[in-house]
Amino acid sequence: MSSKLPKHVLPFRKFMLSRQTLSLYRDILKVIRQVPNSDHRNQLKEWARQDFKKNKYEKEEEVIKMLHTRGRLTLKELKSALKLAQ
């Protein structure tokens, strides 16, 4: 039986992964905005953009989940580093 949904509609699991990716990216940028040194802040923003851009077309669900785990760990480390710097 074929699906009646248009081809451009994402399956629910892929939709949720893309939402999680966007949320993680926003959270990382929010933390980066708190970096007091503008040069460091700009370097971190560029790093985040490039890292997410590099993996933009990843299709394997397990790889995306692993990247999310790595991203959340990085976010936690950024938060800790900022806390220590204050």
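Here is a short walk through this predicted model, from a helix pair to a salt bridge and then a pocket. Local features need pLDDT of at least 70 and side-chain atom pairs count only at pLDDT 80 or more, while totals for chains, interfaces and linings use all residues. Residues are numbered from 1 along each chain as its sequence is written, and side-chain values use heavy atoms, with hydrogens and water left out.

Let's start with α1 and α2, whose axes come within 10 Å and cross at roughly 170°. Helices here are DSSP runs (H or I, at least four residues), numbered from the N terminus. Axes are lines fitted to C-alpha atoms over the stretch in contact, with angles from 0 to 180 degrees between N-to-C directions. Angles over 145 degrees count as roughly antiparallel, and α1 and α2 are therefore roughly antiparallel to each other.

Which residues meet between these two helices? From α1 come Thr-21, Leu-24, Tyr-25, Ile-28, Leu-29 and Ile-32, and from α2 come Arg-41, Leu-44, Lys-45, Trp-47, Ala-48, Arg-49 and Phe-52; contact means heavy atoms within 4.5 Å. By class, the residues of this contact are 9 nonpolar, 1 polar and 3 charged. The classes put Ala, Val, Leu, Ile, Met, Phe, Trp, Tyr, Cys and Pro as nonpolar, Asp, Glu, Lys and Arg as charged, and the others, Gly among them, as polar.

Leaving out residues up to four places away in sequence, Tyr-25 touches Ala-48, Arg-49 and Phe-52. Tyr-25 and Arg-49 are 24 residues apart in sequence, with 8.5 Å from C-alpha to C-alpha.

Next, the charged pairs. The count comes to 5 salt bridges, each a side-chain nitrogen of Lys or Arg within 4 Å of a carboxyl oxygen of Asp or Glu. Glu-61 and Arg-13 meet in a salt bridge at 2.6 Å, N to O.

Finally, look at the largest pocket, with a volume of about 600 Å³. On a 1 Å grid over the protein atoms alone, a pocket is an open set of points where a 1.4 Å probe fits, with protein on both sides within 12 Å along at least five of seven lines; lining residues have an atom within 4 Å of a point. Grid points are joined across faces, edges and corners, and the volume is the space filled by probe spheres set on the points. Its lining has 24 residues, with Thr-21, Asn-55, Lys-56, Ile-64 and His-68 nearest the centre. α1 gives the most, with 8 residues.

Notes: Parallel < 35°, antiparallel > 145°, perpendicular 65-115°, else oblique.
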